[in-house]
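User: I'd like to learn how to read a fold from its features. Could you walk me through one?

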Amino acid sequence: MNIFRLAGDMTHLASVLVLLLKIHTIKSCAGISLKTQELYAVVFATRYLDIFTDFISLYNTIMKLIFMGSSFSIVWYIRQHKIVRRSYDKDQDTFRYVFIVLPCVFLALIINEKFTFKEVMWTFSLYLEAVAILPQLVLLQRTRNIDNLTGQYVFLLGAYRALYILNWIYRYFTEPHYVHWIPWIAGIVQTLLYGDFFYYYFHSWKNNKKLQLPA
């Protein structure tokens with residue numbers, strides 16, 4: 001554990017709390033992509049298959065349970081909550097995620113560190129997380145006007161992975177033989193996908209204007 005890893009985890013946790021605050025307090029999921037939330041639920045379900053078999057630390061187990069539980073609860077809120085689901089814009093959230101899930105499955109089967117079930121699932125979760133934000137970004141471009149909580153959620157989600165890259169750089173220079181190309185490349189791709197959003201987010205913050213993405 002180092003400061004960059006801890007900061008990344010706390011930023012990721014903050015993004016989840018911001019989204020849950022929006023959904024639970026305002027009773028609205030406007031501007032939130034159900035497709036992205038479902039993809040994240042799959043990411044955590046496939047990544048944390050070892051949660052009941054391999055104990056690393058209490059911190060690690062708690063964080064796994066939080067991210068798994070929150071991702072599935074968010075999906076439930078958007079799909080089933082009688083008030084929240086009314087604000088879901090199904091007509092705009094039309095990204096066909098089969099076109100990113102299937103390539104991720106294919107890549108995980110042919111490019112992995114060890115060809116075992118848990119290792120392939122873990123690798124698949126990395127590839128899928130790298131692109132899971134795409135439906136959300138597409139939805140924001142279509143709706144254009146983005147409320148503060150949604151903007152903060154997406155920003156924190158992108159910042160978490162950027163901080164993880166700093167964590168990997170730190171570990172590369174401080175730990176012998178620390179080389180993991182698969183999560184590194186997936187993490188870089190994931191962060192790059194936020195580049196356009198980051199630009200407009202900081203531009204709106206600097207000029208004290210409402211966040212808008214170009215169509």
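User: Thanks! In what order do the elements of the protein run from the N terminus on?

Analyst: Helices (H or I, at least four residues) and strands (E, at least two) are DSSP runs, numbered from the N terminus. Here the order is α-α-α-α-α-α-α-α-α, that is, 9 helices and 0 strands. This is a predicted model, where local features need pLDDT of at least 70, side-chain atom pairs count only at pLDDT 80 or more, and totals for chains, interfaces and linings use all residues. Residues are numbered from 1 along each chain as its sequence is written, and side-chain values use heavy atoms, leaving out hydrogens and water.

User: Which residues touch the most other members of the largest nonpolar core?

Analyst: In soluble globular proteins, nonpolar side chains tend to be buried together. A nonpolar core is a set of buried (under 20% relative accessible area; exposed is over 50%, partly exposed in between; 1.4 Å probe, protein chains only) Ala, Val, Leu, Ile, Met, Phe, Trp, Tyr and Cys residues joined through side-chain atoms within 4.5 Å. In this 51-residue core, the residues are Tyr40, Ile78, Tyr153, Val154, Tyr194 and Phe197. Helix H5 (residues 117-131) gives the most to this core, 7 residues.

User: Is tryptophan 181 buried or exposed, and where does tryptophan 181 lie?

Analyst: Tryptophan 181 is exposed, at 57% relative accessible area, and lies in helix H8.
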